[in-house]
Amino acid sequence: MNVAFLCLGGNMGDRLVNLNRAKALFDGEGLLIIAQSNIYETKAWGADNSPDYYNQCLKITTVLDAAQLMNILLGIEQKLGRTRNGTKNQARTIDIDVLLFNNEIIKTQLIETPHPRLHLRQFVLKPLNEIASDEVHPVLNKTIKQLLEVCTDTLSATKIEYDVHLH
C-alpha cells in the first residue's frame, strides 16, 4: 500500500463545497483518506487580485503508483471544472497537489515529489504539520514541523472554524 500526502485548494465558487466534492470522488478511485487537516484560508499566492483560497491537506493510502495517482487527481480536478491553460497561479475551483509519495523522490513530466515548493508555503506547511509533523522531507532531510518553523512565507494561513470530521 502506498501513502501519499495531498494538498487540496481552491478559490472559485463555493470553496468548501468544492473541497468536499473532491474528497467524495476519492472513494470511487481507490483513494482512502486516513487523516485530514483543518481547512485554512489564505491570500492567493503570487496573484494579488485573486480571491482567497481554502486549503486542506490529506493523508491517503492507495494501491496506485505515483503516476496513476496523479492521473486520477487530474481527472477529479477536471470533473470539478478545473481548466488548465498554462498560466501559473490562476484562480481555480480545485487544485490537488501530491506533496509526498511514500518517501520517494520522483521527477517526471507528470509528477514531482516531494512537491518542489511545499517548503516555501505556509498554506501547505500549516495544514500538513497537523497530520504529518514528523514526516521527513526526503530531499531537505527536515521534518514538516522543522520546515514550518523556518518558513519565510509572509502570507498568513488562517484556520477556519469548520469541523472537517463531521462531514
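N141 counts as exposed because its relative accessibility is 59%; here exposed means over 50% relative accessible area, buried under 20%, and partly exposed in between, using a 1.4 Å probe and protein chains only. You are looking at a predicted model, in which local features need pLDDT of at least 70, side-chain atom pairs count only at pLDDT 80 or more, and totals for chains, interfaces and linings use all residues. Residues are numbered from 1 along each chain as its sequence is written, and side-chain values use heavy atoms, leaving out hydrogens and water.

Let's stay with N141 for a moment. It lies in the loop between α3 and α4 (144-150); these names come from DSSP runs numbered from the N terminus, with helices (H or I) of at least four residues and strands (E) of at least two. What is the phi of N141, which is not a glycine? It is positive, about 55°. Most residues other than glycine have a negative phi, and most peptide bonds are trans.

N102 also has a positive phi, about 50°, without being a glycine. You can find N102 in the loop between β5 (95-101) and β6 (106-107). Its relative accessibility is 27%, so N102 counts as partly exposed.

The one from T113 to P114 has omega near -5° and is cis. P114 belongs to the loop between β7 (112-113) and α3 (122-132).

Next, visit helix α4, where E149 is found. With 59% relative accessibility, E149 counts as exposed. E149 and Q122 are 27 residues apart along the chain, and their C-alpha atoms are separated by 9.9 Å.

Our last stop is helix α1, residues 15-26. Its 12 residues, at 1.5 Å a residue, should span 16 Å, and the end C-alpha atoms are 17 Å apart, which agrees; the expected span is 1.5 Å times one less than the number of residues. Which residues of α1 are buried? They are R15, N18, L19, A22, K23 and F26. These residues cover an arc of only 130° around the axis, so they sit on the same side of α1; the arc is taken from the directions from the helix axis to the C-beta atoms. They pack against β1 (2-10), β2 (32-36), β3 (40-42), β4 (53-62), α2 (66-79) and β5, where contact means heavy atoms within 4.5 Å.

R15 has one more feature to show you. Its charged end sits over the ring of Y54, 3.8 Å from the ring's centre; this requires NZ of Lys or CZ of Arg within 6 Å of the ring centre and within 35 degrees of the ring normal.
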